[in-house]
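These are my notebook entries on one protein chain. I record what I looked up, in the order in which I looked.

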Amino acid sequence: MTTITAHNTGYTIAKSAVTKASKQLSAAGYFTDIYCMDRRFRLVIANDKQLPYEYTIHFIPNVDDDETHLEVFIKTDQKRYFVDDFSEPELIADIINHYQHYNSNEF
């Protein structure tokens with residue numbers, strides 16, 4: 001497991017994970033968009049439900065040192081949690097697993 005301890009490392013892992021998850025979901029027939037702004041990567045997935053699914057990774061810099069914390073926010077269920085210790089494959093799996101769970105439930 002790779003621990004994210006610097007902003008550049010976290011940025012690289014998050015960008016790569018969101019991009020790869022988006023490509024995997026697109027290959028499975030889903031329409032995805034990625035937005036990068038305000039220290040966030042936001043993956044939006046269009047679906048047949050009323051609102052699109054949104055998975056956001058927010059970079060939270062620690063003012064005391066060089067660490068950057070990564071917080072995930074899933075808009076559909078207002079879920080927030082940290083993924084500081086996630087490796088790229090773990091983050092990709094998290095994105096896809098949460099979307100598959102969301103997509104299998106009727107809201």
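**Entry 1: a hairpin.** I began with the hairpin of S4 and S5, which has 4 residues between its strands; in it, glutamine 78 takes a positive phi near 55 degrees. The model is predicted, so I note that local features need pLDDT of at least 70 and side-chain atom pairs count only at pLDDT 80 or more, while totals for chains, interfaces and linings use all residues. Residues are numbered from 1 along each chain as its sequence is written, and side-chain values use heavy atoms, with hydrogens and water left out.

I took helices (H or I, at least four residues) and strands (E, at least two) as DSSP runs, numbered from the N terminus. Two strands pair if DSSP finds at least two bridges between them. Strand S4 covers residues 68–74 and strand S5 residues 79–82, and they pair in the antiparallel sense over 4 bridges. Within this pairing, phenylalanine 73 has arginine 80 in S5 as its bridge partner.

**Entry 2: a second hairpin.** I then turned to strand S1 (residues 31–37) and strand S2 (residues 40–46), which run antiparallel and are joined by 7 bridges. Their hairpin has 2 residues between the strands, and aspartate 38 takes a positive phi near 50 degrees there. Methionine 37 has arginine 40 in S2 as its bridge partner.

**Entry 3: the sheet.** I found 5 strands in an open sheet, in the order S1-S2-S3-S4-S5, with antiparallel pairing. S1 and S5 stand at the edges with a single partner strand each, so one side of each has no neighbour in the sheet. The twist averages 15 degrees from one strand to the next; for such angles, axes are lines fitted to C-alpha atoms, for helices over the stretch in contact, and angles run from 0 to 180 degrees between N-to-C directions. Strand S3 (residues 53–61) pairs with S4 over 7 bridges in the antiparallel sense. Tyrosine 55 stands opposite isoleucine 74 in S4.

**Entry 4: the helix on the sheet.** Which strands does H2 touch? H2 packs on the sheet and touches S2, S3, S4 and S5, and its direction makes about 145 degrees with that of S3. Contact here means heavy atoms within 4.5 Å.

I also looked up histidine 98, which lies in helix H2 (residues 88–104). Is histidine 98 buried or exposed? Histidine 98 is buried, with a relative accessible area of 18%; buried means under 20% relative accessible area, exposed over 50% and partly exposed in between (1.4 Å probe, protein chains only). Leaving aside neighbours within four places in sequence, histidine 98 is in contact with Tyr53, Tyr55, Ile74, Lys79 and Tyr81. Other buried residues of H2 include Leu91, Ile95 and Tyr102.

**Entry 5: an aromatic pair.** Rings of Phe, Tyr and Trp (its six-membered ring) pair if their centres lie within 6.5 Å; planes under 30 degrees apart count as stacked, over 60 as edge-to-face and the rest as tilted. By this rule I count 7 aromatic pairs. Tyrosine 53 and tyrosine 99 form an edge-to-face pair, 5.1 Å centre to centre with 70 degrees between the planes. This pair links distant parts of the chain, since tyrosine 53 is in strand S3 and tyrosine 99 in helix H2, 46 residues apart. Tyrosine 53 and tyrosine 99 are both buried. One aromatic cluster is formed by Tyr30, Tyr53, Tyr99 and Tyr102.
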